[in-house]
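Please look over the chain shown below, keeping its sequence and its fold side by side. The report that follows moves from single helices to single residues and then to the chain as a whole.

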Amino acid sequence: MKYKVLLIDDEPSALEGMLLWIDWQELGFEVCGTSSNGREGLQQMKELEPDLVITDVNMPLLNGLEMIAAWQREGQREIKFAILSGYSEFEYAQTAIRYGINHYLLKPVFPEEAAEELREIHQELKQETRSRMMNLIAASEESSTLIKELLNENPVDKTYTALYARLSEGISYWNLCLIQSTPEMYAEVREKAASLLTGKAAMYLIDLEAGSFGIVYGSSPHAVEGDGIHELTLALREAYPGQPLFIAGGDCEESLCNIANCYRTAKEALMHYFYQPENPGLLAYREIREQTFSYHYDPIRLIDALLSPVNTLDIAGYRQAVEAAARGFREKRVAPEVVKKFAIHIMYRIQELTPEAGGEHGENTAKAFKLPEIQHSMMSLSGLMDHLRVFGESCIELLLQEQDKCSHGIVREINQYMQQHYRESLSIQKLAEVFFLHPVYLGQLLMKKNGINFNEQLHNLRIAEASLLLREHKLKLSEIAEQVGYANYGQFLKQFEKKMHMGPNEYRNAKF
C-alpha cells in the first residue's frame, strides 16, 4: 500500500534535491506536493490529505512545530509528522517529541538512515491503517446488528443504549434505500455498494431478504436531503449499465427507532418498479405515495384471448394478444403479484398443450423459463410480458414441429391410398372423408408436402400408367383411358397431351 507524502521547507526545491536519491516508490510512498511555509503547509494538508508530512523546523510565517501544533488543535484528520533538522537544532526535535512526534531526519541526510526511518514510518502507517479498519469493521458490525433489530421491530437490548445515542448524535432524519438485483448479480452488486460506502459517515449496509440489501442512512440538519444516497445509487447504475437493478427509497423518519417504517415504505416503492421504465434511478416513496394498485380484471376473457392463438398455432395472433394484455394491465395498474400469478397460470396452461407436457420435456421447459421463480423474481411488466411472449412462441413452434411430424405420416398414408385408388372416381372431397380431414386443409397439406396439388398428383398417376399400357400395344385408346380412371376420353386426351407433349397414338407409334 502506498502513502502520500507532503514536503514542507522554506526552500522546497532544495529539500527535494536533498531527498532526490530516495526511491519513494520502493519505500511505499508517493510525493503529493510541496510547500514553502507553515501557513501554506496547513492549507496543503487540508487539500491534499497526506499520510506523512516531512517538515523543516525553521520556516517563515509559521515554523514547523507551530504548524504541527495548529493542526493538532484544529482537530483535523490524523497525520504522521517527521521533523527535518540539523544537529544544532536538536532541542527542536526534543520539543517535537512532546507533540507526540518521534520521527526526525538529521541534516545532512544520509541515504541509509533516511531509508530506514521511512521504512519504520511506513510500517507504523500500515499497522495504524489496519487497526483503524478493524475498528471500523467492528463498529459497523455492531451498528448493523442494532439497526437490524430495529428493522425487525425487535426489543433492543439495553447494552445498545450508548451505541444508539452515538448513532443518533447530529442526525435530523433517517431513511432506508432498498436495493434488489438478480440472484446472479447479488454478491457483486453488494460488494460494489460496500466499497462505495467505505469511509461514509452514518451509512450502513444491511442484508435483508434474499436478493436484496438495504442502506440505512442518516442526514444532519444542514445536509441536502438524500445527496449521499443519490450519489451512491448513481455510481451503482453506472457500474452496471443495462442490468436489472431496482433501487427504492422509503419515507423519512426523525428517529432511528422508526427505521422499520422506512423499510416498509421502501418495499412499497419497490413494487411500483413493475410499471416504471427500465432503470429509472432511485424511486422514492414520496413519488408513488398517492398511487394504488387495482385487483380487478377479467381473467376468463384474457385466458381465452391468449390460449386461442396457441390452439390455432397463430404466432402473430399470440403476440398481439400478449401486447393487448400488457396494455390492459398497465391501464388498470393491476397489482404486480396478481399479474405474475396470471402469467404463471397461462404459461402452465400453454405447456399442457405441448407434446409430452407432463414428462421430462415439460419439466425442462418449466426449468428453462424459471416458472416457479417468477412470483418472487425482480421483473417489470415489460420483462414479464416478454417472458410470456417468448414462452408462448416457443411452445407454438414446438406444436408446429409436432404437427409437421404428424403430417408427414398422414401424407404418406394419403399418397399410398392414391396409389391404390387413382383408377377409381377419386376426388379431394372423398379423400377428405376417408382421412377425416377438412378438404381445404387436406389440399394445403398435400401441396406443402408433395409440392403439387391433388389434381395434378392424380393426373400424374393416371398418365404414368397409361404410358405403360400404350407401350404394350394390347388395348385400345378408349380402353386405356377408362382403365386408368378417365370416364371421358376427351379429358384423357387433354391431360395426356399436356403431360407428354404429344397425343397417345403418336406416343404408341414412337420407338422406345
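Predicted model: local features only at pLDDT ≥ 70, side-chain atom pairs only at ≥ 80, totals over all residues.

On one side of helix H12, Ile300, Asp304 and Asn311 are exposed, where exposed means over 50% relative accessible area, buried means under 20%, and partly exposed covers what lies in between, all with a 1.4 Å probe and protein chains only. On the other side of H12 from these exposed residues, the buried residues of the helix are Leu302, Ile303, Leu306, Leu307, Pro309 and Val310.

Residues are numbered from 1 along each chain as its sequence is written, and side-chain values use heavy atoms, with hydrogens and water left out. The names of helices and strands come from DSSP runs, numbered from the N terminus, with helices being H or I runs of at least four residues and strands being E runs of at least two.

| Helix | Residues | Number of residues | End-to-end C-alpha distance | Expected span |
|---|---|---|---|---|
| H10 | 259–271 | 13 residues | 19 Å | 18 Å |
| H12 | 299–311 | 13 residues | 18 Å | 18 Å |

H12 and H14 (residues 336–353) pack at an angle of about 35°, and their axes are 11 Å apart; axes here are lines fitted to C-alpha atoms, for helices over the stretch in contact, and angles run from 0 to 180 degrees between N-to-C directions.

In helix H21, the buried residues are Phe492, Gln495 and Phe496. They lie on the same side of H21 because they cover an arc of only 100° around the axis. The face turned away from that buried side carries the exposed residues Lys494 and Lys498, whereas the buried residues pack against helix H19 (454–472), helix H20 (477–483) and helix H22 (504–509). In H10, the buried residues include Ile259, Cys262, Tyr263 and Leu270.

Several residues have a positive phi. Just after H12, leucine 313 takes a positive phi of about 55°. Leucine 61, a residue other than glycine, has a positive phi near 65°; leucine 61 lies in the loop between strand S3 (52–56) and helix H4 (64–73), and it counts as exposed at 56% relative accessibility. For phenylalanine 436, phi is positive and near 55°, its place is the loop between helix H17 (428–435) and helix H18 (439–450), and its relative accessibility of 76% makes it exposed.

Other residues show how separate parts of the sequence come together. Serine 143, in helix H6 (residues 111–151), is buried with a relative accessible area of 4%, and, not counting residues up to four places away in sequence, serine 143 touches Leu163, Leu167 and Tyr204. Glutamine 419 and leucine 458 are 39 residues apart in sequence, yet 8.8 Å apart in space, C-alpha to C-alpha.

For the chain as a whole, the secondary structure comes to 22 helices and ten strands, and buried residues make up 45% of the 512 residues. Among contacts with a separation of 6 or more, 68% are between residues 24 or more positions apart.

Terms used: Expected span 1.5 Å × (residues − 1). Contact = heavy atoms within 4.5 Å. Arc of directions from axis to C-beta.
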